[in-house]
Amino acid sequence: LAGGKTIAEAKALAAVHGSSNVCILCRDNREVEEASSWLIGSGIPVQSEKTLSIKENPLIKELLSFLAFLDSLVDDTAFASFISGRMFSKASGIGQAEIGEFLFDNRSDKRTKRPPMYKSFKNKFGPQWNEYIEDLTRKVGFVPLYEFVIKIMERYKVLENFPQDHAYFMKLLELISEKEGKLQTVAQFLEFIGAAKENIYV
């Protein structure tokens with residue numbers, strides 16, 4: 001960090017002088033990621049090339065994981081990524097610690113063939129499954145992608161629960177709208193996002 005200051009010192013400066021008055025210069029992307037994660041973890045808003053990219057936004061990553069799961073219900077990795085995030089926890093009321101215990105109890109084991117993780121989740125958290133996921137598994141592919149993502153955002157009240165991330169969700173919807181003529185399915189859109197070499201900024 002600039003001037004040899006540590007991330008802890010940068011956090012202290014932001015707390016004393018206000019986050020809008022502190023600029024942190026980093027030598028490389030690794031330091032940018034480290035500084036950003038520490039500051040965001042302390043509740044201090046951060047703006048950098050990394051944090052302004054929708055591909056790097058944690059909530060957008062959660063939403064994309066949910067789309068990947070809905071497109072393939074046997075994708076345990078995508079499902080685990082979504083339910084362990086803030087979006088699902090905030091809406092469903094299931095604490096992230098409880099989700100962590102569930103994931104630990106249902107971790108994959110090559111020696112034991114398990115059913116898809118969502119089935120175990122459905123058995124343990126039936127009311128939350130029914131309220132927040134069930135009908136979306138039936139609508140995916142039958143509702144235009146733009147409309148489908150809006151339904152998810154409304155279901156999880158993302159703009160209400162995470163107002164600081166409003167711009168990222170709006171940029172995602174804008175991107176879907178622009179690409180919907182060519183990328184009509186969830187799988188096609190996820191492939192496009194995954195293959196995009198450049199970050200997509202708000």
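Reader: What pattern does the chain follow, read along the sequence?
Author: Along the sequence, the pattern is α-α-α-α-α-α-α-α-α-α-α-α-α. The chain has 13 helices and zero strands. Please keep in mind that this is a predicted model.

Reader: OK, and how much of the chain is buried?
Author: Of the 202 residues in the chain, 41% are buried.

Reader: Which residues touch the most other members of the largest nonpolar core?
Author: That core holds 51 residues, and Phe88, Phe121, Ile133 and Tyr156 touch the most other members. Helix α3 gives the most to this core, with nine residues.

Reader: Let me pick phenylalanine 121. What is it in contact with?
Author: Neighbours within four places in sequence are left aside here. Phenylalanine 121 is then in contact with Phe79, Ile83, Phe88, Ile94, Ile99, Phe102, Gly126, Trp129 and Ile133.

Reader: I see Ile99 and Phe102 there. Which residues of helix α6 are buried?
Author: In helix α6, which covers residues 96-105, the buried residues are Ile99, Phe102 and Leu103. They are on the same side of α6, because they cover an arc of only 95° around the axis.

Reader: And which exposed residues sit on the face turned away from that buried side?
Author: That face of α6 carries Ala97, Glu101, Phe104 and Asp105, which are exposed.

Reader: What do the buried residues of α6 pack against?
Author: They pack against three helices, namely α4 (76-83), α5 (86-92) and α7 (117-124).

Reader: New topic: how do α3 and α10 cross?
Author: The axes of helix α3 (residues 58-71) and helix α10 (residues 145-155) come within 12 Å and cross at roughly 115°. The crossing in which α3 passes α10 is right-handed.

Reader: Which residues meet there?
Author: From α3, Leu63, Phe66, Leu67 and Leu70 meet Phe148, Val149 and Ile152 of α10. By class, this contact of α3 with α10 has seven nonpolar residues, no polar ones and no charged ones.

Reader: Staying with α3, is isoleucine 60 buried or exposed?
Author: Isoleucine 60, which lies in helix α3, counts as buried because its relative accessible area is 1%, and the cut-off for buried is under 20%.

Reader: What does isoleucine 60 touch?
Author: Not counting residues up to four places away in sequence, isoleucine 60 touches Ile54, Tyr168, Phe169 and Leu172. Tyrosine 168 is 108 residues from isoleucine 60 in sequence, yet their C-alpha atoms are 7.3 Å apart in space.

Reader: And how many residues separate aspartate 165 from isoleucine 60?
Author: Aspartate 165 and isoleucine 60 are 105 residues apart in sequence, and 9.0 Å apart in space, C-alpha to C-alpha.

Reader: Where is aspartate 165 found?
Author: Aspartate 165 is in the loop between α11 and α12 (166-179). Its relative accessibility is 8%, so aspartate 165 counts as buried. Beyond residues up to four places away in sequence, aspartate 165 touches Asn57, Leu59 and Arg86.

Reader: Last one: what is the phi of lysine 157?
Author: Lysine 157 has a positive phi of about 50°, although this residue is not a glycine. Lysine 157 is placed in the loop between α10 and α11 (158-161).

Reader: Why does lysine 157 count as partly exposed?
Author: Lysine 157 counts as partly exposed because its relative accessible area is 47%, and that class lies between under 20% for buried and over 50% for exposed.

How values were computed: Residues numbered from 1 in each chain as written. Predicted model: local features only at pLDDT ≥ 70, side-chain atom pairs only at ≥ 80, totals over all residues. Heavy atoms only, no water. Buried < 20%, exposed > 50% of the residue type's maximum accessible area, 1.4 Å probe, protein only. Helix = DSSP H or I, 4+ residues; strand = E, 2+ residues; numbered from the N terminus. Arc of directions from axis to C-beta. Contact = heavy atoms within 4.5 Å. Axes fitted to C-alpha atoms, helices over the stretch in contact; angles between N-to-C directions. Left-handed = near helix turned anticlockwise from the far one by under 90°. Nonpolar A, V, L, I, M, F, W, Y, C, P; charged D, E, K, R; others polar. Core = buried A, V, L, I, M, F, W, Y, C linked by side-chain atoms within 4.5 Å.
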